[in-house]
Amino acid sequence: MAALYLLLVLPLVSAQTYHWGPCPTPKIQPGFNLEKYLGRWYEIAKLPTSFARGKCIEANYSLRKDGTIRVLNSQFYKDKIRYAEGTAVVPDARESAKLGVSFSYFTPYSPYWVLTTDYTNVAVVYSCTDIIRLFHVEFAWILGRSRFLPADTVYYAKELLTGEGIDLYRMKATDQTGCKDD
């Protein structure tokens with residue numbers, strides 16, 4: 001039965017990064033301040049995803065009146081700007097750097113863990129989902145408040161992820177050249 005499940009699920013995760021075994025549990029940003037994190041972040045690098053294949057990728061986080069967080073992602077893909085709007089929540093205020101994000105009313109919240117941020121330059125984000133504890137699908141992002149970060153900042157972010165046991169073999173830089181800013 002597990003083999004059949006794997007045959008059905010593997011095509012769905014082929015554009016993602018997956019590994020055998022359960023998800024790692026990296027350390028998160030202590031004393032995370034959501035208010036300071038809100039605003040625009042540019043994608044500097046990421047592990048592959050099926051939902052963000054374009055260039056000029058950015059995310060904008062803002063607080064809604066109901067206390068949830070509006071997530072507005074944009075990318076330039078196939079000759080036009082495409083948007084995806086979602087909702088983020090903080091399920092446990094004691095671990096406020098562990099958010100959940102969903103882009104549909106019909107899907108559960110996916111982990112969105114802020115491993116580190118200085119709020120003004122860089123953030124390192126990780127997400128992982130166990131698939132019946134046989135393997136896991138993971139995502140990792142290096143984000144910047146500007147479209148380009150110094151090489152030593154990107155190196156620091158990659159070292160942090162690697163130190164937490166996250167395989168960056170498939171991490172790729174995001175093309176942020178020729179982008180139009182608001």
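A salt bridge is here a side-chain nitrogen of Lys or Arg lying within 4 Å of a carboxyl oxygen of Asp or Glu. In this predicted model, the side chains of Arg-70 and Glu-85 meet in such a salt bridge, with 3.0 Å from N to O. The pair links parts of the chain that are 15 residues apart, since Arg-70 belongs to strand β4 and Glu-85 to strand β5. Arg-70 is partly exposed, with a relative accessible area of 30%, and Glu-85 also counts as partly exposed, at 43% relative accessibility.

**Strands around this pair**

Strand β4 (residues 69-77) and strand β5 (residues 80-89) run antiparallel and are joined by nine bridges, and within this pairing Leu-72 stands opposite Glu-85. Two residues lie between the strands of this hairpin, where Lys-78 takes a positive phi near 50°. On β5 there is a further antiparallel pairing, in which three bridges join β5 to strand β6 (residues 98-102), and there Ala-88 stands opposite Val-101 of β6.

**A network of charged residues**

| Salt bridge | N to O distance |
|---|---|
| Arg-40 with Glu-58 | 3.1 Å |
| Arg-147 with Glu-58 | 3.1 Å |

Arg-40, Glu-58 and Arg-147 are linked in a network of salt bridges. The salt bridge of Arg-40 with Glu-58 ties together parts that are 18 residues apart in sequence, because Arg-40 lies in strand β2 (residues 39-46) and Glu-58 in strand β3 (residues 55-63). Arg-40 is partly exposed, with a relative accessible area of 25%, whereas Glu-58 is buried, at 11%. Arg-147 forms its salt bridge with Glu-58 from the loop between β9 and α3 (151-163), so that the pair links parts of the chain 89 residues apart, and both Arg-147 and Glu-58 are buried.

Arg-147 also has a polar partner, for the side chain of Gln-176 makes a polar contact of 2.5 Å with the side chain of Arg-147. Gln-176 is placed in the segment after β10 (172-173) and counts as buried, at 3% relative accessibility. Leaving aside residues up to four places away in sequence, Gln-176 touches Tyr-42, Glu-43, Cys-56, Ile-57, Arg-147 and Phe-148.

Trp-20, Ile-132 and Leu-134 make a nonpolar surface patch of about 350 Å². Among them, Leu-134 is found in the loop between β8 (122-131) and β9 (135-144), and this residue, Leu-134, is partly exposed, with a relative accessible area of 34%.

Technical notes
Residues are numbered from 1 along each chain as its sequence is written. This is a predicted model: local features need pLDDT of at least 70, side-chain atom pairs count only at pLDDT 80 or more; totals for chains, interfaces and linings use all residues. Side-chain values use heavy atoms; hydrogens and water are left out. Two strands pair if DSSP finds at least two bridges between them. Helices (H or I, at least four residues) and strands (E, at least two) are DSSP runs, numbered from the N terminus. Patches are made of residues with over 30% relative accessible area and no salt bridge: like charges are joined within 9 Å, nonpolar side chains (Val, Leu, Ile, Met, Phe, Trp, Tyr) within 5 Å. Accessible areas come from the Shrake-Rupley method with a 1.4 Å probe; for residues, only the protein chains shown count as cover. Buried means under 20% relative accessible area, exposed over 50%, partly exposed in between (1.4 Å probe, protein chains only). A polar contact is a pair of N or O atoms within 3.5 Å; within protein, one must be able to donate a hydrogen and the other to accept it, and residues adjacent in sequence count only if both atoms are side-chain atoms. Contact means heavy atoms within 4.5 Å.
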